[in-house]
Amino acid sequence: MDFSRWGFLVLIFVSFSSTPICSDSPLSSLELSEIPSKFLDFAKKNEVFDWIVGVRRKIHENPELGYEELETSKLIRQELDNLGIRYKYPFATTGIVGFIGSGKPPFVAIRADMDALPMQEMVDWEHKSRNPGKMHACGHDAHAAMLLGAAKILQEHRNIILKGTVALVFQPAEEGGGGAKKMIDAGALENVEAIFGLHVNPNFPLGEVSSRSGPFLAGSGFFEAVISGRGGHAAIPQHSIDPILAASNVIVSLQHLVSREADPLDSQVVTVAKFQGGGAFNVIPDSVTIGGTFRAFSKESFLQLRQRIEEVIVGQAAVQRCNATVDFLTNNKPFFPPTVNDKNLHKHFQRVAGDMLGNDHVRDTEPLMGSEDFAFYQEVIPGYFYLLGMQGKTNEIPASVHSPYFKINEEALPLGAALQASLAIRYLLEAQPQVPSSSINDHDEL
């Protein structure tokens with residue numbers, strides 16, 4: 001390797017000059033491979049680590065639900081201003097898209113969600129939620145802080161972005177609100193050709209990441225059905241039409257959709273998790289409400305499940321002389337498509353993560369039945385979603401996401417920040433855009 005050339009690159013990394021490099025000379029494969037470890041070293045510096053942690057704790061103390069992330073969005077914009085990063089706001093009410101680079105193609109995005117969950121935090125610590133009934137129990141506070149950390153890394157090292165632009169996508173309302181779809185509809189992915197996202201995993205070791213090519217997370221939907229009969233006294237059921245009996249038959253029949261109609265090699269789930277009806281021991285109610293979720297790894301299987309759920313509920317209710325209406329709740333809980341990782345981005349992820357963490361810390365994993373609205377991005381451009389381990393070496397069994405006892409291991413924050421930044425910059429440095437410049441809208445505000 002040319003020592004003088006590498007020495008020049010190192011000087012760039014440590015000086016953080018604001019003057020862009022004008023040379024179009026590409027970096028060598030060795031120089032590219034060393035970027036992730038350099039970024040991680042930078043993210044682990046005390047002042048950078050403390051800043052990322054501080055941002056995460058501020059967000060954690062003030063959790064806000066989907067499309068209500070006003071203070072969270074304000075904090076993020078303030079930090080972007082402090083970093084000298086240009087951005088556009090608002091997208092989908094509270095969303096933000098920042099830009100680092102030339103403002104010209106290629107564009108690559110890294111994304112974080114910002115919303116909290118409607119639950120009371122039970123972890124007793126200094127930075128506990130200050131908003132009763134709201135908690136960051138899914139790690140979105142960490143995701144947003146890591147994306148800001150990635151922004152800081154990229155901004156400090158922006159001189160090695162010889163071409164292209166990194167878009168920083170801060171998204172509202174992942175938890176059932178379909179914030180990703182609304183971000184797309186608002187133009188947040190304009191000119192973007194690839195996107196990366198992550199999620200913390202409390203059950204995976206710190207310093208390891210996992211994902212897979214192809215279907216990774218399931219598509220998901222929700223349903224609610226009202227089964228109506230005729231109420232009456234429980235001692236004379238012949239004068240009533242019992243919706244509880246009808247609903248019970250519906251629930252049993254719904255389980256047959258997976259066990260008897262689905263291909264055993266095509267994983268699917270139908271779960272009824274809500275059953276409401278009646279309020280007395282001796283009264284048959286007029287109606288019963290049931291609800292649940294259904295999931296599948298292909299769009300075809302998902303749509304087939306949706307159709308059959310409605311047919312079974314209406315048909316089985318009719319067998320018991322009841323009427324049924326089915327609502328798939330798409331106004332409040334839009335269907336999430338399956339999360340399907342692009343095979344070429346999977347190879348890119350393996351190379352970059354391997355360079356940062358070591359190949360033995362980059363794991364392929366089986367598909368998971370969880371869902372993520374990141375999948376909406378993958379329906380319009382190639383995308384890649386992965387899990388970031390954060391389980392420390394303790395005997396404590398970590399609480400799962402969506403638990404009131406959920407905790408973030410803050411030692412994972414610099415890892416996520418550095419990896420997101422590395423995935424983006426390596427994509428730009430390795431990309432060979434094929435789109436004619438005349439078809440691209442430049443972000444001249446940069």
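## The largest pocket

The lining of the largest pocket is made up of 17 nonpolar, 13 polar and seven charged residues. The model described in this report is a predicted one.

At least two lining residues come from each of β5 (192-205), β8 (219-228) and β16 (383-391). Strand β5 provides the largest share, namely five residues.

The protein chain is divided into two domains. Domain 1 is formed by two stretches of the chain, 29-216 and 338-431, whereas domain 2 covers 219-327.

## The contact between the domains

A distance of 38 Å separates the C-alpha centres of domain 1 and domain 2. Nine residues of domain 1 and 10 residues of domain 2 take part in the contact.

The size of an interface is often expressed as the accessible area that is lost when the parts come together. Between domain 1 and domain 2, the buried area is about 740 Å², and carbon and sulfur atoms account for 69% of this area. On the side of domain 1, the residues that lose the most area to domain 2 are P338, M369 and S371, which together make up 71% of what that side buries.

## Salt bridges

How many salt bridges are found in the whole structure? The search finds 19. Between domain 1 and domain 2, the count is one salt bridge. Another part of the description concerns the side chains of E379 and K299, which meet in a salt bridge with an N to O distance of 3.6 Å.

A further salt bridge joins R57 and E410, whose closest N and O atoms are 2.7 Å apart. Because R57 belongs to helix α3 (residues 46-61) and E410 to the loop between β16 and α11 (413-430), this pair ties together parts that are 353 residues apart in sequence.

## Backbone features

Most residues other than glycine have a negative phi, and most peptide bonds are trans. The following residues depart from these patterns. The peptide bond from Y89 to P90 is cis, with omega near 0 degrees, and P90 is located in strand β1 (residues 86-91). A cis peptide bond also links P105 to P106, where omega is about 0 degrees. Residue P106 is situated in the loop between β2 (95-101) and β3 (107-113).

Notes. Residues are numbered from 1 along each chain as its sequence is written. This is a predicted model: local features need pLDDT of at least 70, side-chain atom pairs count only at pLDDT 80 or more; totals for chains, interfaces and linings use all residues. Side-chain values use heavy atoms; hydrogens and water are left out. Helices (H or I, at least four residues) and strands (E, at least two) are DSSP runs, numbered from the N terminus. Ala, Val, Leu, Ile, Met, Phe, Trp, Tyr, Cys and Pro count as nonpolar, Asp, Glu, Lys and Arg as charged, and the others, Gly among them, as polar. Domain bounds come from an automatic or database domain assignment. Contact means heavy atoms within 4.5 Å. Buried area is the accessible area (1.4 Å probe) that two parts lose on being put together, summed over both. A salt bridge is a side-chain nitrogen of Lys or Arg within 4 Å of a carboxyl oxygen of Asp or Glu.
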